[in-house]
Amino acid sequence: MTIEREDIVTAVIAAGGGRLTSRVRLQKSVYLLDQIGLGSGFDYAYHHYGPYSRDLDNAIADAKAFDLLEEGYGRRQSDGASYSIFAAKGEMKPEVFARLSPKRASETMRLFVETNVTILELAATIDWLWRFEKRKDWRSEVKKRKSVKAREDRLAKAVDLLTGLGLPPPSSAAA
Amino acid sequence: MDYLRRDRLMTGTGAGAIDFDWLMEHVRVGWVPIEAPDAMDGEEPVLTFCLDAKALPAAEQFLLARYTLHQQVYLHKTTRCVEHMIAKLLRAVARHGGEPDTVGALTGLPATHPLITFFGTRPDLAPDEGRRLELEKRALASYLLLDDMAIIGSLDKMRMAGDKVIADLAARLQERRLYKTLDLAHYGQEEGVQRKHARRIDRVFAGKIETEEVIKDEGASISIYTRIGGDDERTHKKLHIVDAGKPAEITHLSPLVETLKDKKTYTRYYFEAESDRDAARNPKGKP
């Protein structure tokens, strides 16, 4: 069976329980799943919230167009900023997780769904900085890019998350 | 805001006017959260620009102007086609950048041309940090010389390139013999229908997409207000209006912006051969 990109995004959301909030969470989740072996084939580049894939963005559009995914919106109370709420309508194709195993995909996605999105963002950014940008001083770099978001307690949680996934970052040159 | 005014003037489009003076008069500074909107453990606000409530109509007009200019200028199919042809040309030059013995003959460019010095400098291959920084500086110096005129002015030389792809693209760009475009809007606005046609074209032209004889462009998308936000340096790109003494995101206050906030994607294919474009457009030979 051919795996299309909309199958990947639908399966990822279904694996997390069928509902997922925000594009940032979805982007960072799929990026981290790729680092542990999902093999989506999506390309990533550094964007405003860290690693971002336009391929994934297009996959979301395909999944919506083919009626596999529904996108609604929620709002932050403080300033009314809106965020997406995705609901998977299509069935999960287990073939999507042939490399990762459906069980691990489901456990990992449920963890991501429950993780604070800022921690997820920091974790994906740390991984991106040392793995792809080859930043030996990833800690000072992430503080520079994320400023007040990169509190020490959050960085510690992000590193714990990465370690739990089997993706521990190397010691930062500036740590 | 400045680029909207300049581009409107230089392209001659009647769309995209903004009330610059009124907007500037109502700029304020306020605390705005920079977390993703669904963050759950508190917010970290930063001081940034926002607008007084009186400027809401002008802010809507500004977003609408930006949206229109994107539709009619930046994402116009001809603009995008030329950009993709130039990108293909530059990729072809880049492939020869690391071959000093043959780069001149294959690209038609002298070894001192900033395109060659830029693509020939590889900080990522440096043996140590000191060398990497040195190469990054060199690459940056070359990059800064690569303005529109440097590229357009080198097309004459690239027409003489030994690499046929470079020679052909340089000639086409000079003579404005652009690739032929198929916009999926040809099949109507229904996204599901457009994407089914995209799948068909992807399948039929898979080999030519691989060799870039056919270029697929699905990177052009707009919404009237993309919530950019995120990193600190981007905070100024959010648009907040002071409402009851505190900044609120414009989507929360403006029904007009809220209505147009869904992202619209333009998917196009650019064909080197007109016959391929025609075959892709009319798979059953229908006009």
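Contact here means heavy atoms within 4.5 Å. The model shown is predicted.

**View 1. Confidence along chain A.** The mean pLDDT of chain A is 91. Of its residues, 98% reach 70 or more. Among the elements of this chain, strand E4 (residues 69-75) has the lowest mean pLDDT, 88. Helix H7 (residues 152-164) of chain A has the highest, 96.

**View 2. A three-stranded open sheet in chain A.** The strand order is E1-E5-E4, and the pairing is antiparallel. Strand E1 (19-21) and E4 of chain A stand at the edges. Each has a single partner strand, so one side of each is left without a neighbour in the sheet. From one strand to the next, the twist averages 25°. E4(A) and strand E5 (residues 82-88) of chain A run antiparallel and are joined by seven bridges. One residue pair to look for is A:Glu70 with its bridge partner A:Ala87 in E5(A).

**View 3. Helices H2 and H5 of chain A.** H2 (residues 23-35) packs against H5 (residues 117-131) at an angle of about 45°. Their axes are 9 Å apart. At that angle, H2(A) is oblique to H5(A). The crossing is left-handed. From H2(A), the contact residues include A:Tyr31 and A:Leu32; from H5(A), they include A:Ala124 and A:Trp128. By class, the contact has eight nonpolar, two polar and five charged residues.

**View 4. Helices H4 and H10 of chain B.** H4 (residues 77-96) and H10 (residues 164-175) pack with their axes 9 Å apart. The angle between them is about 150°. Why is H4(B) called roughly antiparallel to H10(B)? Angles over 145 degrees count as roughly antiparallel, so the pair falls in that class. The crossing of H4(B) and H10(B) is left-handed. H4(B) contributes residues including B:Met85, B:Leu89 and B:His96, while H10(B) contributes B:Ile166, B:Leu169 and B:Arg172 among others. Eleven nonpolar, one polar and two charged residues make up this contact.

**View 5. The hairpin of E5 and E6 in chain B.** Strand E5 (residues 240-243) and strand E6 (residues 246-249) run antiparallel, joined by four bridges. B:Ile241 stands opposite B:Ala248 in E6(B). Two residues lie between the strands of this hairpin. There, B:Ala244 takes a positive phi near 50°.

View 6. E4(B) pairs with strand E7 (residues 264-271) of chain B over seven bridges, in the antiparallel sense. Within that pairing, the bridge partner of B:Ile215 is B:Tyr270 in E7(B).

**View 7. B:His197 in helix H11.** B:His197 lies in H11 (residues 191-204) of chain B. Which residues does B:His197 contact, leaving aside its neighbours within four places in sequence? They are B:Leu184 and B:Tyr187. B:Leu239 is 42 residues from B:His197 along the chain, and their C-alpha atoms are separated by 37 Å.

Key. Residues numbered from 1 in each chain as written. Chains lettered and ligands numbered in written order. Predicted model: local features only at pLDDT ≥ 70, side-chain atom pairs only at ≥ 80, totals over all residues. Heavy atoms only, no water. pLDDT = per-residue confidence, 0-100. Pairing = 2+ DSSP bridges. Axes fitted to C-alpha atoms, helices over the stretch in contact; angles between N-to-C directions. Parallel < 35°, antiparallel > 145°, perpendicular 65-115°, else oblique. Left-handed = near helix turned anticlockwise from the far one by under 90°. Nonpolar A, V, L, I, M, F, W, Y, C, P; charged D, E, K, R; others polar.
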